Amino acid sequence: MTPTNNVASSTSMSVPTAGQKRLVIVGTTGMVGGYALRYALDNSAVKSVTSIGRKKLGISHPKLKEVLHQSFADCATLADALLGQDAVVYCLGTYTGSVSDTELRAITADYTIEFARVLRKSSPNAAFSFLSGKGADPTGRSRLAFARYKGEAEKALLAAGFPRVYLFRPAYIYPVQPRKEPNFSYRLIRAVYPVFRLLFPNQVIRADDLAWVMVDVVLRETQERQGLVFENRDIRAMVKSQMPVRDRAACSTTFRQGSVTESKMRQ
């Protein structure tokens, strides 16, 4: 866990939640966002969940408000939906190679920055949990476009003025449920995952574990202003130390049997 240079860090994430939170999740039809939605809906610390995305979820839940938004290049029309929110879990993204470089930068950096701009005006005290990626480079010097664009988004979020920003940099995200893999590399890693996990445990994280941590961290109460970077090793440690086995079993049952089905939420 790495504190950023311009925001004070704190160890108070372990403080229990106080009161129910209004939570926004962006990218709920994606793999990590889907698990984040399921966990949030099942969490008693969450009062309401506003899902923002391009596609209908096809589900209903007393806590859930669904907002369809087609162009994240302009988020001005989301201002009302973002009023009075306590936290955001931002999981919108795409895979390198699946779109052009121009689209990759727009989706990875521009959309994030535009959404944060509108959120800051509507809910200036919201906590922000951002799905970044391993190797994200805020200096912009990386040779990898994905790393530069994620780094650009991270830098903008830390400068936006939110009291708490949490940047998650997972390595390989294991899908848990079968899906159509985006490219050969992902198909290969999934095929050798049991061995890969044993040999390189800090280079993998389960999608459901990552989603749980991203939601849980913004529900924590703290009086400190902070910006924290969580590398894959940190994320694994948080899952291991903060989530009791019985709670994980209960969440897994909810994921399988709840109103939010795997087939509807799969990427």
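This briefing describes the fold, the nonpolar cores and selected side-chain contacts of one protein.

The model is predicted, and in it the protein holds nine helices and 10 strands. Of its 267 residues, 51% are buried, and the accessible surface comes to about 12,700 Å², with 52% of that area belonging to carbon and sulfur atoms. When contacts between residues at least 6 apart in sequence are considered, 74% of them join residues at least 24 apart.

**Helix α6**

- Helix α6 covers residues 207-219, which makes 13 residues, and its span from the first C-alpha to the last is 19 Å, close to the 18 Å expected at 1.5 Å a residue.
- This helix is mostly covered, since 13 of the 13 residues in α6 are buried.

**Nonpolar cores**

- In soluble globular proteins, nonpolar side chains tend to be buried together.
- The largest nonpolar core in this model has 45 residues, and those with the most contacts inside it are Leu 23, Val 89, Phe 168 and Leu 210.
- Helix α6 gives the most to this core, contributing 10 residues.

**Salt bridges**

- Side chains of opposite charge can pair when their charged atoms come close.
- The structure holds eight salt bridges, and the points below describe some of the residues that take part.
- Arg 169 and Glu 154 meet through their side chains in a salt bridge, at 2.6 Å from N to O.
- Because Arg 169 lies in strand β7 (residues 164-169) and Glu 154 in helix α3 (residues 145-159), this pair ties together parts that are 15 residues apart in sequence.
- Both partners are covered: Arg 169 is buried with a relative accessible area of 12%, and Glu 154 is buried with a relative accessible area of 1%.
- Arg 105 forms a salt bridge with Asp 110, in which the closest N and O atoms are 2.8 Å apart.
- In this pair Arg 105 is partly exposed, at a relative accessible area of 30%, and Asp 110 is likewise partly exposed, at 32%.
- Arg 105 and Asp 110 also belong to a network of salt bridges that links them with Glu 152.
- Asp 208 and Arg 206 meet through their side chains in a salt bridge, at 2.7 Å from N to O.
- Here Asp 208 is buried, with a relative accessible area of 9%, whereas Arg 206 is partly exposed, with a relative accessible area of 28%.

**A loop residue and its polar contact**

- Thr 28 is found in the loop between strand β2 (21-26) and helix α1 (31-42).
- Although Thr 28 sits in a loop, this residue counts as buried because its relative accessibility is 2%, and buried means under 20%.
- The side chains of Thr 28 and Ser 51 are joined by a polar contact of 2.6 Å.

Definitions and conventions. Residues numbered from 1 in each chain as written. Predicted model: local features only at pLDDT ≥ 70, side-chain atom pairs only at ≥ 80, totals over all residues. Heavy atoms only, no water. Helix = DSSP H or I, 4+ residues; strand = E, 2+ residues; numbered from the N terminus. Buried < 20%, exposed > 50% of the residue type's maximum accessible area, 1.4 Å probe, protein only. Contact = heavy atoms within 4.5 Å. Areas by Shrake-Rupley, 256 points an atom, 1.4 Å probe, with all protein chains shown as cover. Expected span 1.5 Å × (residues − 1). Polar contact = N/O pair within 3.5 Å; in protein donor to acceptor, adjacent residues only side chain to side chain. Salt bridge = Lys/Arg side-chain N within 4 Å of Asp/Glu carboxyl O. Core = buried A, V, L, I, M, F, W, Y, C linked by side-chain atoms within 4.5 Å.
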